[in-house]
Amino acid sequence: NSLNNSFLLGAYDLGEIAFSPLFSLGYTKFRHFGEEDLDLLDFDTLSFGPNAFFQFRDGWVIRTGLGVMIDYAPNDDMEKTYEQVSPMFALGKGFQIGKASSSWELSFAYHFSKSKQIIDDLLDRYEIGFLWTANWKVNRLEYSPYLRIAHGEYVNQDRRDLMGSLGLEAAYHFNSWFSSHLFAGYSFRSSNDNIYKFKRLDLGGGLRIDAKF
């Protein structure tokens, strides 16, 4: 279960560039079921951070920001187990594919990590990612596919990861502020160390309410 919000802190005209500061905030609860021992894997994640968007008239976008992610153990008095601070820089561009709007983004990030369970800084890493998204509407239906590929290089261990995500979200808009959603996503991670490899398929749905203040 997750709750997320973004605060757009204005839009400013800088001549040929539009500048928009944004602050994001999210909280996610991960619960595992099926076997009693799986509750050891339960954790909560708090994420927040500022971002700055610079949009040019020809569709180019520069994004820079700082992300903070903190994990807690809900079955152990909400003890903090992991902390990650991630400065990042991204370059992207929006364009049209027929009647669909689309965009791509190339991002560069460095993750500073601190963990209670392993040696501090062991998960420090560089990450280069590529993201493609699209969105098109047909009457009340809306379709949003995405693709993300990322390479991670760990600085304090001999580990290199390749991560990928592919998904599709479909939405039905009852009106301008209320909609239902279905989504499917496939993700994987390959690594030079087999212990870190995984594949995962996610399916789900939900309801969404949009409000502006």
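**Aromatic and nonpolar contacts in a predicted model**

Student: Which residues form the nonpolar patch on the surface?

Tutor: This is a predicted model, where local features need pLDDT of at least 70, side-chain atom pairs count only at pLDDT 80 or more, and totals for chains, interfaces and linings use all residues. Residues are numbered from 1 along each chain as its sequence is written, and side-chain values use heavy atoms, without hydrogens and water. With about 480 Å² of accessible area together (Shrake-Rupley, 1.4 Å probe), the members are Phe89, Leu91, Leu106, Phe108, Ile128 and Phe130.

Student: Nice! Is Leu106 buried, partly exposed or exposed?

Tutor: Leu106 is found in strand β7, a strand being a DSSP run of E with at least two residues. Buried means under 20% relative accessible area and exposed over 50%, with partly exposed in between. Because its relative accessibility is 32%, Leu106 is partly exposed.

Student: What are the centre distance and plane angle for Phe30 and Phe43?

Tutor: Rings of Phe, Tyr and Trp (its six-membered ring) pair if their centres lie within 6.5 Å; planes under 30 degrees apart are stacked, over 60 edge-to-face, the rest tilted. The count by this rule is 12 aromatic pairs. Phe30 and Phe43 are a stacked pair, at 4.4 Å and 20 degrees.

Student: Which strands hold those two residues?

Tutor: Phe30 and Phe43 lie 13 residues apart, and their pair links distant parts of the chain. Their strands are β3 (residues 17-30) for Phe30 and β4 (residues 43-56) for Phe43.

Notes: Patch = residues over 30% accessible without salt bridge, like charges linked within 9 Å, V, L, I, M, F, W, Y side chains within 5 Å. Salt bridge = Lys/Arg side-chain N within 4 Å of Asp/Glu carboxyl O. Helix = DSSP H or I, 4+ residues; strand = E, 2+ residues; numbered from the N terminus. Buried < 20%, exposed > 50% of the residue type's maximum accessible area, 1.4 Å probe, protein only.
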